[in-house]
Amino acid sequence: MPASTQLGSQLVDLCSVLLLLCCFAIVAQRRLSACVDLFALQSAFLAATAALVAFLTGHKHIYFAAALTIVIKVIVLPRILRKVIERLNVSRELGMNINIPAGLLICGALVIIAFFITQPIIPLGYLLTRDSLAIALAIILIGFFTMIARQKAITQMVGFLVMENGVFLGATAAAYGMPLIVELGVFFDVLVAGLIVGIYTHRLQDTFDSVDTSTLTVLKE
Amino acid sequence: MWPVIVLLTGPVLAGLLSLVIHRARVLHVVNFATMLALAVAETALTRQVLAEGSVTTLGGFVYVDALSDFILVIITAIGLSCSLYMWSYMDDRVARGVIAPKRLGHFFFLFHMFLLAMVAATVANSLGVQWVALEGTTLATTFLIAFFRRRESLEAGWKYLILCSVGIALALFGVVLTYYSSVRVLGDASSALNMTALIGVANQLDPNVLKLAFIFMLVGYGTKVGLVPMHTWLPDAYSEAPAPIAAMLAGVLETVAVYTVLRSKALVDQALPPEFTGNLLLTFGLLSFIVASLFILIQHNYKRLFAYSSIEHMGLAMIGFGVGGMIGTFGGLFHLLNHAVAKALAFFVAGNIHRRFDTLEIDGVRGLARAQPITAVAILVAGCALVGLPPFSPFVSELLVVSAVAAQDFSSDTMHVGRFVTMTISDEMRSLGIVALFLFFAVVLFGGFMFRVGAMVWGTPPAGVARGESWTAGHVPLMIMIVALLGLGFVLPEPIQTLLTRAVNVIVVR
């Protein structure tokens, strides 16, 4: 392996790990606005990873994806979420389904599981980015876990966006980006989902006087 | 080429028009005309598919073969009857002040976006675009489910949005994995997710990656199908959604979601022995069938009753696809059509009952035969069809699925469900065990379902409920669907049969 590729590979791994670290920080964070900020930071790292991969491989269309990530996931979506938090006057998550230390332990286990699952398919990957696939799966699983563990509508949305970031890392790092049309479509869907959650929290607040999804218990068997 | 363009632009135009039109009558005319245009376009497309085998157009973005065309037939047929039903249903809701008149336009806008997303998911050549469109259906329908803005409907809409988005995010990872394996073979091309490109090289793709990809896609898209244990959003969403929307969700959206699963199955089966996908589908199918038939016993809300019946029928279709082979797959596909018609009929009926009795509780509905004679006939037909009684068409497709299960000899090392059920060594015993289990729960279902339906139909209507029913536009689709359920039970028209047989050949890999 030439030295430049090795350095590049190390850098991509470093960026991916920073994304993973942000996940842990989100799990450990009670303040809603901090969760949103951490999500924005994670998206910035994602954009950096994408730009790095684009630079190292010469695939120009990944630059485009990186730019879109910055616009939508670093600027627009966090702004929407912060507006929602301001309007709702909720700043902290008080009730959690799973407390923070236990949550962090579970997340650690999830990372191990992710590496275990992807073990047989990792050798197939490009030399530059092969470890990122496992990290991507770990991020998806942690995002999933966040959605289960938290009760506020906002944090559930952050969990969903974290999952989306994980998928995106997988696509960029492991396969050098999806076809452009697909990437555009995914960004569009994520943006619309963000807007819809904004509207929903508004209506939930009006109807239930709360955005705590644990109050949504009318419908059950 | 033009039929595809009509199918894709029709809903867009109608949706935009709905936002600027304010008169209810004009809105309904636009909606109905659009659905009629879609149906005509779909007929033309079917002729083309039957003549040419498959249609690839719009620069390779669109790929329609017998399988996707069959799904499009279901979308347009149910969509058309739905637009007729909405004519009376939505006007009634506005007249009673449940929704403000100006929101009718929003309703039709969302409805057409929903339709567009489903058509796009069906005709898309790229697995990625298919994913985008399917997530689009979630986003378009969440506000349709919450359209009445009651506490319960908001809760149902939120649950639906979150659960389906999460599920489908997992499916996206499956798509990424598929891409990961296909760029190896096809090179870094923008076509590496296209079904036309993938199907040719599928046997060169890495089996391990495809295994993982299929599991993610099955869990993700299975959430949209409503397979147990990812089904928890479904009864809430169906019971809170306006009746025509519930009909579209149950009859059409589930079908489209099954279609996406079948697409990935057809791909993965080229690289792996079909037992891998087959056993997964069979396990999920059987689990859904059993759990749903048990939950049907404890329902006291008739819309939830129909919702659980949807889970059960999707489980049944999955059993058919899981067993595979010509008969099982044919039965499964035919069952998708029958279920779409029967379930849309059931939800239309539910809408009629709700408007008259003003309750969703089964205990609150008595003497339907006297209060609404036409609706009572329709609910009896829908009920008999949904529990699989002859002479209605679901009986035929269920029989096909059951015989496929009985005829299948499972290889002993892969058939986990069978081993769990029969605990014997013999292969024949194993498949018979599944059949026995299946039939037992079919009987449970029959009892539970018909008991509830019978309770609503007979007896004396409660005081204060008007008697007698006059014909409206909304009754036309009911009659057509009753005739269709009866007719398909006896004869399968030649074009549909050819289409189905070819669709089976798309899925079954020899």
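Trainee: Which residues does Ala385(B) touch, not counting residues up to four places away in sequence?

Mentor: Two residues are in contact if their C-beta atoms, placed from the backbone, lie within 7 Å. By that criterion, Ala385(B) touches Ala342(B), Phe392(B), Pro394(B) and Leu485(B). Please note that this is a predicted model, in which local features need pLDDT of at least 70, side-chain atom pairs count only at pLDDT 80 or more, and totals for chains, interfaces and linings use all residues. Residues are numbered from 1 along each chain as its sequence is written, while chains are lettered from A and ligands numbered from 1 in the order in which they are written.

Trainee: Is Ala385(B) buried or exposed?

Mentor: A residue is buried if 20 or more other C-beta atoms lie within 10 Å of its own, exposed if 12 or fewer, and partly exposed in between, with C-beta atoms placed from the backbone. Ala385(B) has 28 C-beta neighbours inside 10 Å and therefore counts as buried. Ala385(B) belongs to helix H15 (residues 373-386) of chain B; helices (H or I, at least four residues) and strands (E, at least two) are DSSP runs, numbered from the N terminus.

Trainee: What is the reach of helix H10 of chain B from its first C-alpha to its last?

Mentor: The expected span of a helix is 1.5 Å times one less than its number of residues. H10 (residues 243-271) of chain B has 29 residues and reaches 42 Å, close to the 42 Å expected. The bend at a residue is the angle between axes fitted to the seven residues ending there and the seven starting there; in H10(B) a kink of about 35 degrees is centred on Leu249(B). Because 27 of its 29 residues are buried, H10(B) is largely enclosed by the rest of the structure.

Trainee: How many residues does the contact take from chain A and from chain B?

Mentor: The contact takes 36 residues from chain A and 35 residues from chain B. On the side of chain A that touches chain B, helices H5 (132-149), H6 (153-175) and H7 (180-208) of chain A are the elements giving two or more residues. The largest share, 13 residues, comes from H7(A).

Trainee: What is the secondary structure of chain A?

Mentor: Chain A comes to seven helices and zero strands. Its C-alpha trace spans about 60 × 35 × 30 Å along its principal axes. Buried residues make up 48% of the 221 residues in chain A.
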